[in-house]
Amino acid sequence: MSDPTNTPAGWYDDGSGRQRYWDGQQWTEQFAPPATAAPAAPAAPAAPAAEDPTPGYPVPGADPAQPYGAGTATVGATPPGGAKPKPHVLAIIALAIAVIGFIFACIPGALIAGWVLLPIAFILAIVALFLRGAKWAAITALIVSVVGTVIGFVVFFAVISTTVNEAIEDLPSAVAEASEEADASDEPADDEQPPPVDTLAFGDTMIWEDGLELTVAAPEPYTPTESAAGADQASNLVFTLTIVNNTTENFEPAVFSRLSSAGQEGSQIFDIAADGGQIGLPPTTVVLPGESVSWQEAWSVADANSLTFQTAPNFDYEDAIFTNLQ
């Protein structure tokens with residue numbers, strides 16, 4: 001006996017006594033009008049057949065050319081040969097993905113993979129519900145994907161809760177260790193003394209680690225011009241400063257000097273009319289490697305024999321201190 005799904009399209013008796021159109025795959029909603037027959041002599045009633053609530057299938061081999069399904073027979077809901085409809089392939093795929101995602105969702109280290117697979121299985125299962133075939137696989141995939149997602153969230157929050165609790169338990173010991181280390185670093189070693197502040201005499205040269213040099217010559221008396229500003233203390237002095245760039249890179253000067261005398265801050269003199277150029281304006285031009293630059297700074301001080309001159313070539317270097325207090 002051949003597969004009933006191979007029965008060609010045509011009009012057949014669907015088991016209810018009416019002729020119904022079979023499209024080759026399933027019954028349609030088209031019924032043939034009842035045929036008019038001549039009255040016949042009453043016959044002995046036949047034994048009633050068992051009622052089948054579901055429409056039958058046309059018997060394979062019936063001649064579809066016969067009008068109104070002559071020579072056809074019907075069977076029950078299950079097609080001839082015992083074949084049952086199978087799930088759609090998309091439903092099988094959704095079920096497989098849902099099971100794999102469910103397994104990953106139960107493993108703390110693989111939660112992300114589970115959260116990726118389970119939504120995919122959920123969507124495929126919904127689509128499979130509207131396709132031809134048995135629905136059990138799609139329904140199962142839908143249930144597994146939903147349950148797996150819930151379990152994944154439970155596992156995630158359990159892991160987070162455990163991690164937070166462990167961190168809280170370890171916090172006091174970590175704070176104590178950090179406090180002990182800080183106390184140990186604050187305590188100077190017995191043989192460790194704070195480094196002395198380097199002071200230089202006027203005329204000496206300060207040399208930094210990268211090779212940059214700065215020299216402040218011994219001060220000389222200075223007579224400001226009428227247009228000078230800042231000459232307001234007992235003595236006026238002028239200092240010659242020289243920077244030598246012994247580094248391998250260009251140097252951009254940004255000199256910032258301070259001077260104190262006999263416990264008082266000196267007043268810098270700016271004298272643009274002085275002989276030899278502007279007094280009090282430091283250089284701003286880049287000094288190339290191997291080159292040098294010199295300029296003069298004038299200061300008005302309380303006592304020429306008590307001088308502390310503090311300066312730096314720019315803000316990237318520590319201050320150099322020159323003094324005549326020896």
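Biologist: Where is the place of Glu318?
Modeller: Glu318 lies in the loop between E13 and E14. Strands here are DSSP runs of at least two residues and helices (H or I) of at least four, numbered from the N terminus.

Biologist: What kind of model is this?
Modeller: It is a predicted model, where local features need pLDDT of at least 70 and side-chain atom pairs 80 or more, while totals for chains, interfaces and linings use all residues. Residues are numbered from 1 along each chain as its sequence is written, and side-chain values use heavy atoms, without hydrogens or water.

Biologist: Back to Glu318, is it buried or exposed?
Modeller: Glu318 is exposed, at 54% relative accessibility. Exposed means over 50% relative accessible area, buried under 20%, and partly exposed in between, with a 1.4 Å probe and protein chains only.

Biologist: Which side chain meets Asp319?
Modeller: Arg258 does, in a salt bridge at 2.7 Å from N to O. The pair links distant parts of the chain, 61 residues apart, with Arg258 in strand E9 (residues 256-261) and Asp319 in the loop between strand E13 (307-312) and strand E14 (320-323). Arg258 is partly exposed at 23% relative accessibility, and Asp319 is partly exposed at 31%.

Biologist: What does Glu29 pair with?
Modeller: Glu29 forms a salt bridge with Arg20, their closest N and O atoms being 3.6 Å apart. Glu29 is exposed, with a relative accessible area of 65%, whereas Arg20 is buried at 11%.

Biologist: Next topic. What is the phi of Ala262?
Modeller: Ala262 has a positive phi of about 55°, although it is not a glycine. Most residues other than glycine have a negative phi. Ala262 lies in the loop between E9 and strand E10 (264-265) and is partly exposed, with a relative accessible area of 45%.

Biologist: How many helices and strands in the protein chain?
Modeller: The protein chain has 3 helices and 14 strands. Of its 326 residues, 29% are buried.

Technical notes: Salt bridge = Lys/Arg side-chain N within 4 Å of Asp/Glu carboxyl O.
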